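Please read it with the structure open.

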Amino acid sequence: MNNMKITVKDLNLYYGDFQALKNINIDIEERKITALIGPSGCGKSTFIKTLNRMNDLIEGVKIDGNVMLDGEDIYKDVDVIKLRKRVGMVFQKPNPFPMSVYDNVAYGPRSHGVKKKSILDEIVEKSLRSAAIWDEAKDRLKKNALGFSGGQQQRLCIARALAVEPEVLLMDEPTSALDPIATGRIEELTEDLKKEYTIVIVTHSMQQAGRISDKTAFFLLGDLIEMGDTKKIFSNPDDKRTEDYITGRFG
Amino acid sequence: MERVDNSNISQASLNMKKSKSTVLWEKFVEKIFFISACMAIISIATITIFIFAKGGPAMLEIGIFNFMFGTTELGGKVYLWQPGADIYHIITMILSSIYITLGAIIIGVPIGILTAVFIAEIAPKWLVKIMKPAVELLAGIPSVVYGFFGLIIIVPMIYEAYGRQLKGGGNSMLAAIIILSIMILPTIINISIAAIKAVPIEYKEGSLAMGATHIQTIFKVMIPAAKSGIFAAVILGIGRAIGETMAVILVAGNSIKFPTSISDSVRPMTAHIALEMSYASPGLHENSLFATGIVLFVFIMLLNIALNFITHKVGE
């Protein structure tokens, strides 16, 4: 039995009166890539945001059930700041801050109290290397990050997320705004990252889920329809609706 | 059948007429727009020409440097402004304007920006519903009312605070600074709120997602990202402070002397023009007031140029 990093039990989420997630139960394995797929509005993005409590920002959200990170309930036992340090996130649209590349990557560690220049330098280099953008960034550390291309910006955002040394990396459609080459680089990168990090990725692209993930979860209208090994989900799903979606009959 | 045809024809001719008159109307409306647009340009051009025509020669006659920075010494006494003896120096007015504006900025800008942050990011909705209209109301209060408020509340407080020692009775640079600080708040708050709200939500999410606190996010990401808008707010605030007249006249004391302390009675350029214009004799005295207007005008112009520069450069 593999180590379960995150265990979700009977999770329900409401936006006001609307129930966006219905009784979700998922186990997320350590150092594996778990892909969340499903048509627009199925709740996969909402679900990934419950894992680091980014839904707290939205007004009128109500959650019940348990989300356990290493056995601790993140809505009860864990401080949200510490939680987000442990569970990092990369967004759909690359969102580097309008400051230098260096300051972007150093932002997280500085927020958590790292002040020493030599330590920050080390973290910045290590993070940029891990995100496979060091070669492009090393001569432009003092330049504004907004000068980078979309794909570079997204890898920079991954580096920025890695700089606080998270355990889990959540990726919410990280390549949907990128061209195929930039997408390919990010996909390769996730392969390397899973050696050290647990990755949960929301994707619109079934091919992407098939290429990079170990586990796949299929969401539909707020329900988790099916979850299992990616190979099995794509070749021999248990549920008819999963098969219909994967073969392109809807969505 | 005939009837139907007739109605079709009249309908068609009606359409023709309508489209013709529509074209005329369009042209007419365009002209109206053009004339309206010209009004603003003509006004600013007229005002500029008028001030420079009246004040320019006076400034040259007195000597630009002498007028702005000089003083006259007669028999061991320093004279700054003696129209009877044709002595015109506005260095004290320039300094007073700069001092009270700086003072207002030092007090008003931090309060204004922090208020804007509070309203835009921190305050619960019900409080925002009270605070925003309150700030807008503050912008709508006539300046003479601010002056009156200063005169009956702030000035006596200053007088008391200095142990009733002040000759001006509390009318002072400090009083003007306090009143101006309040008067520039709405400008700074409203524009800063707009600037902070214009920061993409993605920046905020990105920061919070790394475990930064809300306050860290505000000061390290959101305010830096909104800085061009906040600079614009500050400059418009400076413009308001340096140009304010009525409220300042009522509380500043209006003495013509070098300001040496914030408890001194001072006379900034705007107050100077307004106070003397009513009794200035035509000729050099009156024209020297227009010359003061030129100096003020140039100050405001420089601010506007700075504003343009900042909104174009820093925003990039």
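How many residues of chain A are in contact with how many residues of chain B? In this predicted model, 24 residues of chain A are in contact with 17 residues of chain B. The two chains bury about 1,700 Å² between them, and 65% of that area is on carbon and sulfur atoms.

**Interface between chains A and B**

- The count of salt bridges between chain A and chain B is 2.
- Lys93(A) forms a salt bridge with Glu202(B), and their closest N and O atoms are 3.9 Å apart.
- Between chain A and chain B, 4 residue pairs are in polar contact, with both residues at pLDDT 80 or more.
- On the side of chain A that touches chain B, at least two residues each come from helix H2 (80-86), strand E6 (87-90) and helix H3 (101-111) of chain A.
- That side of chain A is made up of 13 nonpolar, 6 polar and 5 charged residues.

**Form of chain B**

- Chain B contains 12 helices and 4 strands.
- The globule rule gives 20 Å for 316 residues, and the radius of gyration of chain B is 27 Å, well over that value, so chain B is more spread out than a compact globule.
- The C-alpha trace of chain B spans about 105 × 65 × 40 Å along its principal axes.
- Of the 316 residues of chain B, 43% count as buried.
- Among contacts in chain B between residues at least 6 apart in sequence, 69% join residues at least 24 apart.

**Salt bridges**

- Over all chains, the structure holds 29 salt bridges.
- Arg86(A) pairs with Glu72(A) in a salt bridge, with the closest N and O atoms 3.5 Å apart.
- This pair links distant parts of the chain, 14 residues apart: Arg86(A) is in helix H2 of chain A and Glu72(A) is in strand E5 (residues 72-73) of chain A.
- Glu72(A) is partly exposed, at 33% relative accessible area.
- Asp121(A) forms a salt bridge with Lys117(A), the closest N and O atoms being 3.0 Å apart.
- Both Asp121(A) and Lys117(A) lie in helix H4 (residues 117-130) of chain A, 4 residues apart, about one turn of the helix.
- Asp121(A) is partly exposed at 31% relative accessibility, whereas Lys117(A) is exposed at 51%.
- Asp238(A) and Lys232(A) meet through their side chains in a salt bridge of 2.9 Å, N to O.
- Asp238(A) is exposed, with a relative accessible area of 64%, and Lys232(A) is partly exposed, with 34%.
- Salt bridges with shared partners join Lys5(A), Asp70(A), Glu72(A), Arg86(A) and Glu167(A) into one network.

Definitions and conventions. Residues numbered from 1 in each chain as written. Chains lettered and ligands numbered in written order. Predicted model: local features only at pLDDT ≥ 70, side-chain atom pairs only at ≥ 80, totals over all residues. Heavy atoms only, no water. Contact = heavy atoms within 4.5 Å. Buried area = accessible area lost by both parts, 1.4 Å probe. Salt bridge = Lys/Arg side-chain N within 4 Å of Asp/Glu carboxyl O. Polar contact = N/O pair within 3.5 Å; in protein donor to acceptor, adjacent residues only side chain to side chain. Nonpolar A, V, L, I, M, F, W, Y, C, P; charged D, E, K, R; others polar. Rg over C-alpha atoms; globule rule 2.2 N^0.38 Å. Buried < 20%, exposed > 50% of the residue type's maximum accessible area, 1.4 Å probe, protein only.
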